[in-house]
Each structure stands twice: as structure tokens, then as C-alpha cells.
Amino acid sequence: MTAKPAGSNAVAVATEHGAFETKHMRINVGPQHPSTHGVLRLVVDLDGERIVHIAPQIGYLHTGFEKTMEHRTYQQCITYTNRMDYVHSFAHDLAYVEGVERLMDSQVPIRAHRVRVILNELNRIASHLVFLGTGILDMGALTLFFYTMREREQILDLFEMVTGVRMNYGYFRVGGLYRDIPEGFEERVRAFLASFPAMMDQYAALFMKNDIFLSRTKGVGIIDAETALAHGLTGPSLRASGVPLDFRKAQPYAHYQDYAFDVITSETGDAYARFEGRFREMRESLRIVEQALDLLEPGPVQDPDRRISLPPRQELETSMEAVIFHFKLVTEGFHPPSGAVYVPTESARGELGYYLVSDGGSMPYRVKVRVPSLVNLQSLQPMCVGGLFADMVVNIASLDPVLGDVDK
Amino acid sequence: MSEVAGAPAAVPAGPLATTVQEALVGLGGRPGVFKEMITVTVPRASGHDAARAAKEAGFDLLSDVLGIDWLNFPRHSGPRFSVVYNLYAIAANERIFIRIDLDDGESVATITDLWPGANFLEREVFDLFGVHFAGHPNLRKLITPEDLEGHALRKDFPLGETPTLFNDGRFLDPASFRAGMIGRSRGLTGWVGGARKGVVSEQVERPAATRADAADRKHES
């Protein structure tokens with residue numbers, strides 16, 4: 001950290017021992033620091049221990065995904081979507097394919113929707129586990145991190161079983177899924193569902209009544225609903241301020257309307273509410289996964305429409321038309337009608353949507369990702385100003401930003 | 001339950017969006033609907049008034065501000081850039097898009113006074129498209145490096161190829177390489193591969209019933 005006086009913010013202070021001048025101190029935090037959850041850099045002006053102004057400096061992870069996607073076909077873009085928010089990858093994949101499917105009027109089979117929801121909600125739990133572990137790590141409690149990572153590994157094992165990889169899955173396709181889930185997957189998910197609530201009780205015992213945790217988070221970083229909305233805050237952080245906005249309920253996609261779950265809200269709007277809200281959300285995600293497993297029925301997992309989906313492999317040997325469709329889709333891709341769509345979805349961080357502009361070509365003309373982390377970062381200013389420097393770390397953790405999601 | 005779920009259900013435009021749309025038409029706006037999404041294109045001068053009218057009517061969450069460069073868009077006429085406000089009304093559960101068209105060098109009034117959250121979003125559009133937001137408190141680059149010249153999401157931004165002299169004496173000229181990529185002429189490979197980009201299909205929206213058996217029919221393109 002480097003420190004230097006911040007301009008001409010000299011304040012004259014008169015005490016009984018005589019008059020002197022104090023100056024605001026400008027401190028640089030990050031970008032390489034564990035408590036910034038990636039490569040977030042903050043320029044903080046301090047008056048003693050109190051924060052006067054805070055300015056996030058971002059872009060260290062900018063990869064130009066939006067530009068790259070303008071030069072890839074619609075199916076190829078899925079390679080890029082899941083690399084933005086690498087902690088909740090499936091949310092990005094889902095938001096993207098939902099957008100293209102609306103553009104194409106794709107008839108997605110119900111089984112594909114169910115599997116998408118199961119994976120998306122398991123990924124939300126994994127994301128919240130990272131949040132809990134690292135967030136409480138920032139307050140100095142190391143133990144919980146190992147516990148949450150242990151359960152996250154179980155979820156990643158499930159993903160590896162389905163997709164073959166542990167991160168950056170690329171498993172969803174426009175019109176369905178890459179392939180069906182493997183045999184034995186449902187049983188393993190059910191086994192996880194049976195074991196996980198006990199683990200959650202274990203976490204709760206570790207931190208929910210911990211005096212240090214409570215005094216570090218209660219009443220810290222309070223943001224009221226009006227300020228939060230003005231700054232564009234969404235997701236669990238907004239719900240902690242009492243606004244029950246959840247796009248899984250408000251504008252259901254991927255058949256979320258079939259599942260019963262509660263939108264977790266809290267009135268206090270402090271860091272504790274943001275921690276506790278995400279913790280309680282994991283139980284709701286478990287409920288959704290359980291219901292989706294119950295509703296999961298055998299069936300196709302890809303849109304039969306040959307404009308979108310590749311023909312089955314065995315047909316290529318007997319049908320000339322299948323070969324032609326296969327060739328056209330692989331070399332050229334499909335052509336959505338000219339226009340723009342936006343499908344809002346709920347990621348673990350907030351409102352996530354892809355604004356896709358199509359010119360009728362087989363690649364998107366413009367892709368704009370409404371990333372929740374970037375917009376949520378702006379709420380740091382109202383949360384932190386007037387508070388202690390040490391509380392800033394708690395506030396960053398409680399917002400749960402993923403810098404890949406911020407910088408795109 | 002049917003086996004095929006259908007496309008994600010688009011939320012139809014509700015009463016609030018319709019009311020605001022009429023108010024924006026009063027400001028000189030041209031409404032348009034695509035896939036149940038209302039986009040009202042308002043004149044550049046009344047962009048701020050339109051945003052204020054929408055906010056006062058109940059669109060309380062500014063989801064996004066985005067830029068579009070129409071340079072290569074087929075059959076596009078009119079100003080080169082668009083700035084789109086993506087607004088959401090929480091209580092009414094409705095969404096409306098306000099679009100402002102402008103040319104290079106023109107500026108839009110900032111809406112940071114209505115939503116402080118527009119700060120980063122407008123800075124991002126400024127950074128990537130070079131659109132100037134008049135009255136913005138801190139209009140600096142947001143995500144690209146300070147020393148990067150140009151605006152990366154403009155369609156004429158060079159794609160980063162560097163002239164390269166290989167050891168065997170072969171020289172890679174970026175211009176011809178790029179020409180091959182975008183399909184205007186034969187590039188290095190001699191194959192006009194990129195022709196897929198910018199091909200406008202004359203496809204019309206087919207009714208759902210005929211599309212279900214599309215697998216059995218010949219592809220029309």
C-alpha cells in the first residue's frame with residue numbers, strides 16, 4: 001500500500017492543546033490482495049480511520065468477450081459466456097441460451113429445462129459456498145473456508161460427471177443440452193441433497209452465533225432500499241435491503257414457475273443480512289433441486305428443429321439431408337431473425353441478462369452482457385462512506401463480486 | 001405436462017409500459033415491438049426527459065445502459081450509434097427500452113442525476129464506443145487501459161493483428177488477413193470463409209405448428 005495526502009483536503013482542528021491541520025489520506029488497495037476477491041483496485045480517501053470517498057478502479061481482467069462474441073457463431077459463443085462469472089458459470093450459460101432461444105423461438109424439451117435448473121441451482125449453492133468461505137475468511141476466520149470448499153468439491157464432482165470438467169462447463173446448447181445426463185447422476189445428487197443440510201447446520205454452528213462475526217457484520221454497511229435501487233443493486237444484496245426482486249419469480253425462465261421456493265428478504269440492509277440471506281438461499285436452492293429431480297422424466301434433451309440442433313450421429317450414415325444440415329450448422333450456424341432480445345435471469349449475484357442484437361447473420365451483431373457484479377460494485381460508495389476502513393473489507397465480501405463478471 | 005416446453009415465455013407488455021410508451025411518443029418517440037420487448041426511439045435532445053418520465057411513471061431500476069454501433073448493419077440508415085436505456089419497474093414487473101440515436105461526435109445528456117448507478121454504465125459506453133455523455137461527473141475510461149487508443153467495440157476498431165515477418169521470409173499483412181476474416185475478399189487461405197458474417201437471411205417467422213415438423217422438411221436456405 002502506498003499513502004499520500006489527497007489534494008487540498010486540509011481541515012483545521014482546534015483543541016485545547018493548540019490548533020493543527022489534518023489532511024485526508026489517499027490509500028490504494030489492491031489490485032493484488034486476497035480481500036478484494038480478485039483484481040479489484042480501490043482508491044480510498046481516509047479521514048483517520050473513516051472513509052470519505054471510495055473509487056473502484058476496474059478492468060484488470062477485461063478480456064473483450066463481447067467483441068469476441070461478435071465474431072463467433074451463436075453456438076460457439078457458449079465457450080465465452082461461462083468464462084465471465086467463473087464461480088456461477090451455469091447462470092451465464094443459461095442467460096445466454098435463453099436469450100438466443102427467444103430469438104429463435106426454439107422449442108426446448110422439458111427435460112433439458114429440468115436439467116438446466118438442477119445444474120444452475122447446484123452451481124448457485126457452490127457459488128454461495130465460495131462466498132461464505134472467503135467472506136468469513138476476510139474477517140479472520142479460516143476454518144469455515146475448508147468446510148465450505150469440501151462441500152463445493154462434491155458439487156464440482158457432480159458437474160464433472162455431467163460435463164467432463166470442473167469449471168467453464170459449456171454444457172448448455174441453444175435448443176437444449178450438449179448431451180443427456182449420465183446414469184447414476186440423479187442418485188448422486190439425491191445423496192448430496194440428503195447430506196448437505198447437516199453440513200449447513202455445521203456452518204451455522206460455526207459462524208452464525210460467533211461474537212466476532214456478529215460484531216463485524218451487524219449494523220455495518222447499511223444500505224436502504226431506495227439508495228440500493230438508485231445504484232442499480234440487484235440480487236441477494238438488494239433482497240437484504242427488503243426488496244423482494246428475484247427474476248426466477250418475477251419473470252420465470254427455464255420453467256422456474258414449476259418450483260415452490262421462497263424469496264429470502266431481510267429489512268436491515270446490513271452486511272449481516274447479506275451474509276445470512278445468501279446462507280438461507282442455499283436451502284431454497286436445495287428445495288428447487290429436489291423438486292426438479294422429482295419432476296425429471298425421460299425424454300429428448302435437444303430441440304428437434306434441424307435449423308438449430310445437430311442431427312443424431314447415426315443419421316449421418318444413412319441420410320444425405322442429415323449430412324447437409326450437419327455441414328451447414330457446423331460451418332455456418334443458424335440465422336436468427338433480425339432484431340434484439342433481452343432475457344433477465346437471476347444469477348447468484350443479481351440480474352443477469354444478455355442483450356443480443358441480430359442482423360440476420362449467423363453471428364450476433366452485438367452482445368451486451370448486463371453483468372450484476374459491475375453494477376453492484378457502485379453500491380460500495382454508499383455502503384462504505386462514513387464507515388471504518390476495516391469494514392470496507394466486510395462490505396466487499398458481502399457484495400460477493402466476481403471480477404471476471406465485472407470486467408468481462 | 002407436455003413434453004415440449006416451448007420458447008421461454010416472453011412477458012407481454014403491460015399497462016405501465018404502454019402508458020409510458022404513449023408519454024414518450026408525446027416527446028417525439030417512435031415505438032417498436034420485437035418479441036414482446038418495447039423499444040421507444042426518442043430524439044437525442046429529449047433523451048433525458050424520456051428517462052425522467054419513465055422513472056416518474058414507476059420504472060425505478062436502471063438495469064443497463066448500452067451502446068450499439070450500426071456501422072456494418074445491413075440496410076441500416078440513420079445515425080451511426082445508439083444508446084439504449086434498459087429500465088425495469090419492480091412493482092409492475094415490466095420492462096421498457098429507451099433508445100437514442102446519435103452520430104459520431106454528438107453527445108447525450110447524462111442520466112446520473114436520475115440514477116447514480118448510471119455512472120459506471122455510461123463510462124463503459126464512453127470507453128467502448130466513444131459516445132460522450134454531457135454532464136457526467138466523471139467521464140473517464142472504465143475498463144480498457146489508459147494507453148489504448150480508440151474505442152474497442154466500434155465496428156471499425158482494428159482486430160489487433162500485427163504486421164509479422166516470419167523467419168522463412170513470409171510476411172503477414174493485417175489488412176489482407178482481416179479481409180479474409182470478414183469475407184469481403186480471398187484472404188491468406190484463399191477461402192472466402194467468413195462470408196457467413198453479415199449474410200441477411202430473408203427468413204420470416206414461421207408459425208409454431210409448421211416448425212415442429214421442420215426436421216422432416218428440407219432446409220430452405
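My entries below go from chain B to the aromatic rings of chain A.

**Chain B.** I kept in mind that this is a predicted model. I found five helices and nine strands in chain B, and along the sequence they run α-β-β-α-β-β-β-β-α-β-β-β-α-α. Of its 221 residues, 43% are buried. The accessible surface of chain B is about 11,000 Å², with 55% of that belonging to carbon and sulfur atoms.

**A loop residue.** Next I went to A:Val108, in the loop between helix 3 (89-104) and helix 4 (110-138) of chain A. Is A:Val108 buried or exposed? I noted it as buried, because its relative accessibility is 0% and the cut-off for buried is under 20%.

**Aromatic pairs.** I counted 26 aromatic pairs over all chains. One of them joins A:Phe159 and A:Tyr169 edge-to-face, with 5.0 Å centre to centre and 70° between the planes. A:Phe159 belongs to helix 5 (residues 143-163) of chain A, and A:Tyr169 to the loop between helix 5 and strand 7 (172-173). Both are buried: A:Phe159 has a relative accessible area of 0%, and A:Tyr169 is at 8%. I then checked A:Tyr256 and A:Tyr259, whose ring planes stand at 80° with centres 6.2 Å apart, so this pair is edge-to-face too.

**A cluster with charges.** Last, I listed one aromatic cluster: A:Phe131, A:Phe207, A:Phe213, A:Tyr272, A:Phe275 and A:Phe279. The charged end of A:Lys218 sits over the A:Tyr272 ring, 4.6 Å from its centre, while A:Arg278 lies over the face of A:Phe131 at 4.5 Å from the ring centre.

How values were computed:
Residues numbered from 1 in each chain as written. Chains lettered and ligands numbered in written order. Predicted model: local features only at pLDDT ≥ 70, side-chain atom pairs only at ≥ 80, totals over all residues. Heavy atoms only, no water. Helix = DSSP H or I, 4+ residues; strand = E, 2+ residues; numbered from the N terminus. Buried < 20%, exposed > 50% of the residue type's maximum accessible area, 1.4 Å probe, protein only. Areas by Shrake-Rupley, 256 points an atom, 1.4 Å probe, with all protein chains shown as cover. Phe/Tyr/Trp six-rings, centres within 6.5 Å; stacked < 30°, edge-to-face > 60°. Lys NZ or Arg CZ within 6 Å of the ring centre and 35° of its normal.
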